Amino acid sequence: MHCELVVPDLFALPPGERFPALELLLRRGRETHREGRTLEQWLAEAFGTAQPLPAGALTAHSIGLAAGAALWARADPVHLRLLRDRLILAPHGAFDIAADEARLFCEALNRHFGGALEFRVALPHCWVVRLDAAPGIDAPCPLDMAGRDVDVIVPRGAAAGGYQRLLNEAQMVLHAHPANEAREARGEPAVNSVWLWGAGSLPGTLTSPWQVVLGDDPVISGLARCAGARARAPGASASAWLDRAPEEGRQLAVLDALRVPFALSQEAEYRARLQGLERDWFAPLLAALRSGRIGMVTLHVPEAGASFETIRGDLRRFWRRARALESYA
């Protein structure tokens with residue numbers, strides 16, 4: 001079996017800590033490089049769908065909505081904070097949102113727009129909206145906007161079309177919502193806006209070299225379904241993954257646990273999650289490769305444009321000594 005991993009933001013760790021299993025897999029295998037790209041760009045290319053990735057339609061498809069040819073966008077809940085003359089975005093991970101809150105917010109938005117738009121909850125921090133026209137903006141994932149001024153992205157004037165009007169109306173609805181009043185009374189950030197990104201229609205039949213695709217984000221399961229692959233959650237560890245996996249074929253696991261702490265500059269949380277990946281994923285996969293249980297491990301780091309392919313025989317290349325992760329940055 002060929003196990004492939006996509007691990008965004010893997011090389012962002014400050015110096016000082018070593019990860020033996022991961023470092024060995026990186027160093028003993030064959031390393032290839034190309035232009036860096038976001039996780040969404042990597043997925044679009046890997047599955048042969050349009051750029052930008054139609055994350056909204058894929059998310060809608062993953063939760064059983066009849067996406068069809070309709071135009072869908074992700075409308076993820078965010079907190080916008082005014083700092084002097086800049087409006088700074090805080091994505092999910094910077095605050096918690098309960099499932100009941102997400103449902104109430106979307107119900108209020110749907111009442112306000114009266115059927116012209118349709119908001120649906122995929123996960124508490126992951127919403128979609130059916131649009132009647134293209135938003136006229138190719139916005140990045142909100143995690144890529146963490147701490148940035150939204151005016152850099154959001155168009156103004158004639159170029160904005162209906163995008164700014166939609167945002168303004170959504171912000172008014174959310175600002176006045178009792179759930180936000182309760183959040184602020186508890187000292188929690190208000191969910192005072194949505195972030196529209198990944199607009200597009202559901203792609204046709206996609207191709208996938210993987211029989212099984214693992215990932216937590218609904219976009220991942222939407223891509224797998226369109227490509228005829230089996231979609232699963234990653235589970236707790238590589239050991240659990242291998243216990244359910246067939247002996248042959250290719251499988252892909254999208255491990256994005258580092259994305260939130262990297263985006264929010266949470267160094268301690270980033271280190272803790274990377275330690276968990278070393279313990280629960282990289283060490284078991286290295287052991288499975290050594291024992292011959294699997295035939296190959298490939299690890300992709302999209303923003304670095306790097307891929308590392310390792311087979312069992314590569315582990316005998318003792319002269320290729322492991323080196324610290326920061327050296328790959």
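User: How many of the residues of α3 are buried?

Analyst: This is a predicted model. Buried means under 20% relative accessible area. Residues A55, G56, A57, L58, T59, A60, H61 and S62 of α3 are buried. Helix α3 is thus mostly covered, and the count is eight of its eight residues.

User: Which elements do the buried residues of α3 pack against?

Analyst: Contact here means heavy atoms within 4.5 Å. The partners include the strands β3 (71-83), β5 (118-123), β6 (126-131) and β7 (193-200).

User: How are α3 and α7 oriented to each other?

Analyst: Helix α3 covers residues 55-62 and helix α7 residues 218-226, and their axes are 7 Å apart. The packing angle is about 80°. Angles from 65 to 115 degrees count as roughly perpendicular. The two helices, α3 and α7, are therefore roughly perpendicular.

User: Which classes of residue make up the contact of α3 with α7?

Analyst: On the α3 side, the contact involves A55, L58, T59, H61 and S62. These meet P218, V219, S221, G222, L223, R225 and C226 in α7. By class, the residues are six nonpolar, five polar and one charged.

User: Which strands stand at the edges of the open sheet of seven strands?

Analyst: The strand order is β2-β12-β11-β1-β10-β8-β9, with mixed pairing. The strands at the edges each have a single partner strand, so one side of each is left without a neighbour in the sheet. They are β2 (30-33) and β9 (230-232).

User: What is the bridge partner of C3 in β11?

Analyst: Strand β1, residues 2-6, pairs with strand β11, residues 296-301. The pairing is parallel and runs over five bridges. Within β11, the partner of C3 is V297.

User: What kind of aromatic pair do F11 and F308 form?

Analyst: The whole structure holds six aromatic pairs. In the pair of F11 and F308, the ring centres are 6.2 Å apart and the planes stand at 85°. Planes over 60 degrees apart count as edge-to-face. The pair of F11 and F308 is therefore edge-to-face.

User: How many residues apart are F11 and F308?

Analyst: F11 lies in the loop between β1 and α1 (20-28), and F308 in strand β12 (residues 306-311). F11 is buried at a relative accessible area of 7%, and F308 is buried at 1%. The pair links distant parts of the chain, and the separation is 297 residues.

Terms used. Residues are numbered from 1 along each chain as its sequence is written. This is a predicted model: local features need pLDDT of at least 70, side-chain atom pairs count only at pLDDT 80 or more; totals for chains, interfaces and linings use all residues. Side-chain values use heavy atoms; hydrogens and water are left out. Two strands pair if DSSP finds at least two bridges between them. Helices (H or I, at least four residues) and strands (E, at least two) are DSSP runs, numbered from the N terminus. Axes are lines fitted to C-alpha atoms, for helices over the stretch in contact, and angles run from 0 to 180 degrees between N-to-C directions. Angles under 35 degrees count as roughly parallel, over 145 as roughly antiparallel, 65 to 115 as roughly perpendicular and the rest as oblique. Ala, Val, Leu, Ile, Met, Phe, Trp, Tyr, Cys and Pro count as nonpolar, Asp, Glu, Lys and Arg as charged, and the others, Gly among them, as polar. Buried means under 20% relative accessible area, exposed over 50%, partly exposed in between (1.4 Å probe, protein chains only). Rings of Phe, Tyr and Trp (its six-membered ring) pair if their centres lie within 6.5 Å; planes under 30 degrees apart count as stacked, over 60 as edge-to-face and the rest as tilted.
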